[in-house]
Each structure stands twice: as C-alpha cells, then as structure tokens.
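Biologist: I'd like to go through this structure with you and ask how you know what you say about it. Could you show it to me?

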Amino acid sequence: MSFLSDTNYVFIFAQNHCMKIAVFPGSFDPVTRGHESIVRRALPLFDQIIVAVGVNVDKSGYFPVEKRLEWLNQTFSDLPQVSVESYNGLTVDFCKKMNASYIIRGLRTSADFEFERSVAQVNLKLVPDIETVFLLTLPEYVMVTSSIVREVHRHGGNIDQFIPENITI
Ligand code: ADP
C-alpha cells in the first residue's frame with residue numbers, strides 16, 4: 001500500500017535526482033555584505049541554496065543564533081530559492097539530510113584557500129559525492145569579515161556599511 005500520490009513521487013524524484021541543492025555553511029555572526037554577495041552570485045548555479053548556521057555547542061558566539069537566523073532570513077527574503085537553517089554536527093551530515101550535493105564557500109585570501117582546501121578534502125573523504133564549490137570574493141568585500149564587524153560593534157562603531165542593506169543590527 002502506498003501513501004504517496006504520483007505527484008508526490010515526481011516531486012521526490014525531482015528533489016533527489018535533478019535539483020541542484022547547495023548548502024552555504026558558516027557562523028554568520030553576523031551576516032555581512034560579503035556573505036550576501038556570495039549567495040546572490042551563486043544563485044544561477046543552483047536550484048536551491050540553504051544558508052546554514054553551524055551551531056557549536058562549545059562556542060556560543062557573539063550574537064545569539066536566533067538573531068543570526070532572523071537577519072539571514074531578512075537578507076534573503078526576496079529570494080524564494082534561498083532558505084535559512086541551523087544545524088549541529090558535521091556539515092556533510094547536514095548536507096545528506098537536506099539532499100544537498102554541493103557546499104558553497106567563499107575565498108577571500110590565500111589563507112582562506114589553505115584552510116578551505118583541507119576542510120574540502122576531508123569532506124570529500126567523508127562523503128565523496130558532495131562537492132565543495134568556491135567563489136572568489138569580490139574585491140570590495142575582501143576586508144569585510146564577521147570578526148571585524150563584531151569588533152566595530154563591540155566598541156560602539158557604525159557597522160551599517162558592512163551588513164546587508166535591509167537589516168538593522
Ligand atoms: P566560518 O566560521 O565557517 O568561516 P563565516 O560566517 O565567517 O563562517 O563564513 C562563511 C563563509 O562565507 C565562508 O566560506 C567564508 O569564506 C565566506 N565569507 C566570509 N566573509 C566573506 C566575504 N567578505 N566575502 C566572501 N565570502 C565571505
């Protein structure tokens with residue numbers, strides 16, 4: 001006996017076999033214009049992008065996870081193909097759960113590259129059919145890091161030019 005209609009089967013088939021689903025993992029503490037730019041530039045490459053806030057049980061972060069998720073949702077509210085989630089544990093396990101075959105990462109500097117290469121190679125060893133796709137940062141966002149935004153915020157500076165236009169922190 002089946003609980004699924006033909007339409008459901010078609011939908012599930014499409015989800016598992018045809019749709020290009022990517023996860024963009026990070027701390028997003030907070031989201032910056034650099035993150036936003038990566039997601040918007042990745043749109044033509046994928047059918048669905050899941051921006052995923054990795055929650056580290058040993059590290060609470062600067063902004064609460066709920067606020068980070070709220071700001072991400074506001075940033076991408078105009079994009080139906082982008083969703084926002086949080087996850088614990090390994091990124092590749094989260095990708096499998098979401099049927100995602102791609103991980104998106106941004107590369108700002110050569111230091112980013114060295115670090116990201118190791119992570120991507122370990123992820124490939126763990127799950128060979130999940131590929132990491134790197135996008136080079138636009139030059140104007142190379143210096144925009146969440147840690148610098150946090151530092152400016154902590155000391156009462158104005159962070160507006162570093163965060164997406166449609167959010168208020
Ligand atoms: P993580 O702690 O996983 O590095 P971040 O939130 O700092 O989380 O970054 C998430 C992703 O966004 C990473 O791939 C990072 O390289 C990328 N990224 C961060 N800042 C920028 C930026 N200014 N331009 C482009 N990509 C960026």
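Biologist: What pattern does the chain follow when you read along the sequence?

Modeller: Keep in mind that this is a predicted model. Going along the sequence, the pattern is α-β-α-β-α-β-α-β-α-β-α. The chain has six helices and five strands.

Biologist: What makes β4 and β5 a pair?

Modeller: Two strands pair if there are at least two bridges between them. β4 and β5 (residues 131-136) have six, in the parallel sense, so they count as paired.

Biologist: What handedness does the unit of β4, α5 and β5 have?

Modeller: Those three make a right-handed β-α-β unit, with helix α5 covering residues 110-126. To see it, point the strands away from you: the path from the first strand over the helix to the second runs clockwise, so the crossover is called right-handed.

Biologist: Why is Ile130 called partly exposed?

Modeller: Ile130 has 19 other C-beta atoms within 10 Å. Ile130 sits in the loop between α5 and β5. Leaving aside neighbours within four places in sequence, its contacts are Val92, Cys95, Ser101, Tyr102, Ile103 and Asn123.

Biologist: Why is Asn56 called exposed, then?

Modeller: Asn56 has 10 other C-beta atoms within 10 Å. The limit for exposed is 12 or fewer, so Asn56 is exposed. You'll find Asn56 in the loop between β2 and α3. Asn56 and Asn88 are 32 residues apart in sequence, and their C-alpha atoms are 6.7 Å apart in space.

Biologist: Which residues of the largest nonpolar core touch the most other members?

Modeller: Ala22, Val23, Phe24, Ile49 and Val51, out of 28 residues in that core. β2 (48-54) is one of the elements that give two or more residues to this core, and the largest share, five residues, comes from β2. In general, nonpolar side chains tend to be buried together in soluble globular proteins.

Biologist: What is Phe24 in contact with, beyond its neighbours within four places in sequence?

Modeller: Phe24 is in contact with Ile38, Val39, Ile49, Val51, Ala52 and Ile104. A contact needs C-beta atoms within 7 Å. Ile38 and Val39 are also among the buried residues of α2, along with Gly34, His35 and Glu36. What covers the buried residues of α2 includes β1, β2, α3, β3, β4 and β5.

Biologist: Which residues come nearest to the ligand?

Modeller: Of the 16 residues around the ligand, those are Gly26, Gly34, Arg105, Gly106 and Thr137. α2 (33-42) and β4 (102-107) each supply at least two residues of the shell, and α2 gives the largest share, three residues.

Biologist: How many residues of each class does the shell have?

Modeller: Four nonpolar, nine polar and three charged.

Notes:
Residues numbered from 1 in each chain as written. Predicted model: local features only at pLDDT ≥ 70, side-chain atom pairs only at ≥ 80, totals over all residues. Near = placed C-beta within 6 Å. Helix = DSSP H or I, 4+ residues; strand = E, 2+ residues; numbered from the N terminus. Nonpolar A, V, L, I, M, F, W, Y, C, P; charged D, E, K, R; others polar. Core = buried A, V, L, I, M, F, W, Y, C linked by C-beta atoms within 7 Å. Buried ≥ 20, exposed ≤ 12 C-beta atoms within 10 Å, placed from the backbone. Contact = placed C-beta atoms within 7 Å.
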